[in-house]
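Please open the structure in your viewer and keep the selection tool at hand. The tour goes from one selection to the next.

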Amino acid sequence: MWNSFRTDGHLGIAAGITTYAGGGGDLVHAYVARPEGDGPFPGVVLVHHLPGWDEFYQEFARRLANHGYTVVCPDLYCRLGHGTPDDVAAAVRAQGGVADDGVVADCQAALRWLKSVPTSNGKAGIIGTCSGGRHAVLAAGRVPGFDAVVDLWGGRVVASGNQLTPKQPVAPIEYTKDLSAPLLGLFGNEDQSPSPAEVDQHEEALKRHGKTYEFHRYDGAGHGFFYYDRPAYRQQQAMDGWSKVFAFFDEHLKH
């Protein structure tokens with residue numbers, strides 16, 4: 001929970017950019033943040049959003065590390081060139097985004113990396129916002145071994161027809177039956193991707209397949225309400241959402 005630390009406690013973390021063996025064995029950049037000490041610590045795969053592998057996600061990783069998690073945030077755009085996050089993201093958009101299969105492979109490799117570190121407690125979750133929320137749900141539905149998944153307003157988890165593309169050929173909702181980890185979803189009721197109706201569809205699929213989940217929906221919030229660097233930010237809803245993320249991960253990854 002927020003401000004739950006003791007003032008005489010040790011809160012040291014180490015953070016920085018490294019490389020790891022991603023999907024297909026390719027060396028991929030990743031931002032890693034981890035608590036100092038012997039652990040054991042649970043792990044989190046942090047999946048960045050469409051605007052890219054940016055500073056918000058570095059801070060996101062450090063916040064999770066400060067709460068006792070070893071975090072790896074892969075650069076999903078690493079193979080497509082380098083530059084500022086905005087420039088790289090623009091180039092990726094122009095190419096129609098990244099392929100789902102590649103994202104899943106990089107997330108699966110990140111999961112293996114997390115569980116192999118000596119300080120691991122053997123558990124790991126996955127979380128992302130926006131397209132990263134969609135990717136988190138997709139990866140958790142296709143890859144066994146995650147112990148918790150958090151979807152922060154992932155758009156097009158529910159998709160059909162012209163929303164499907166060669167790079168994104170299957171909507172993540174289609175893998176609901178294979179989901180083996182509990183799911184937390186946070187959504188703004190003013191969002192249109194996902195819309196409240198699409199969140200309803202996702203929830204119905206989870207119920208139909210008997211999955212463990214909890215969804216929370218916020219009035220007065222739209223897409224990206226955690227993003228304090230953007231007009232979409234909603235302080236009250238964001239802070240409540242952060243508390244739910246920490247409570248969920250603590251329940252499923254620390255115990």
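The model is predicted, so local features need pLDDT of at least 70 and side-chain atom pairs count only at pLDDT 80 or more, while totals for chains, interfaces and linings use all residues. Residues are numbered from 1 along each chain as its sequence is written, and side-chain values use heavy atoms, with hydrogens and water left out.

Select helix 1 (residues 55–66) together with helix 6 (residues 235–253), which pack at an angle of about 50° with their axes 12 Å apart; helix 1 and helix 6 are therefore oblique to each other. Now show the side chains of Phe60, Arg63 and Leu64 on helix 1, and of Trp242, Phe246 and Phe249 on helix 6, which make the contact (heavy atoms within 4.5 Å).

Next, select helix 3 (residues 100–116) and helix 4 (residues 131–142), whose axes lie 9 Å apart at an angle of about 70°, which makes helix 3 roughly perpendicular to helix 4. On helix 3 the contact is made by Asp100, Asp101, Val103, Val104 and Cys107, and on helix 4 by Arg134, His135, Leu138, Ala139 and Arg142.

Finally, turn to the cysteines: with a disulfide taken as a pair of cysteine sulfur atoms within 2.5 Å, the count is zero. Select cysteine 73, whose nearest cysteine sulfur, that of cysteine 107, is 9.4 Å away. Cysteine 73 counts as buried because its relative accessibility is 1%, where buried means under 20% relative accessible area, exposed over 50% and partly exposed in between, with a 1.4 Å probe and protein chains only.

Notes:
Axes fitted to C-alpha atoms, helices over the stretch in contact; angles between N-to-C directions. Helix = DSSP H or I, 4+ residues; strand = E, 2+ residues; numbered from the N terminus. Parallel < 35°, antiparallel > 145°, perpendicular 65-115°, else oblique.
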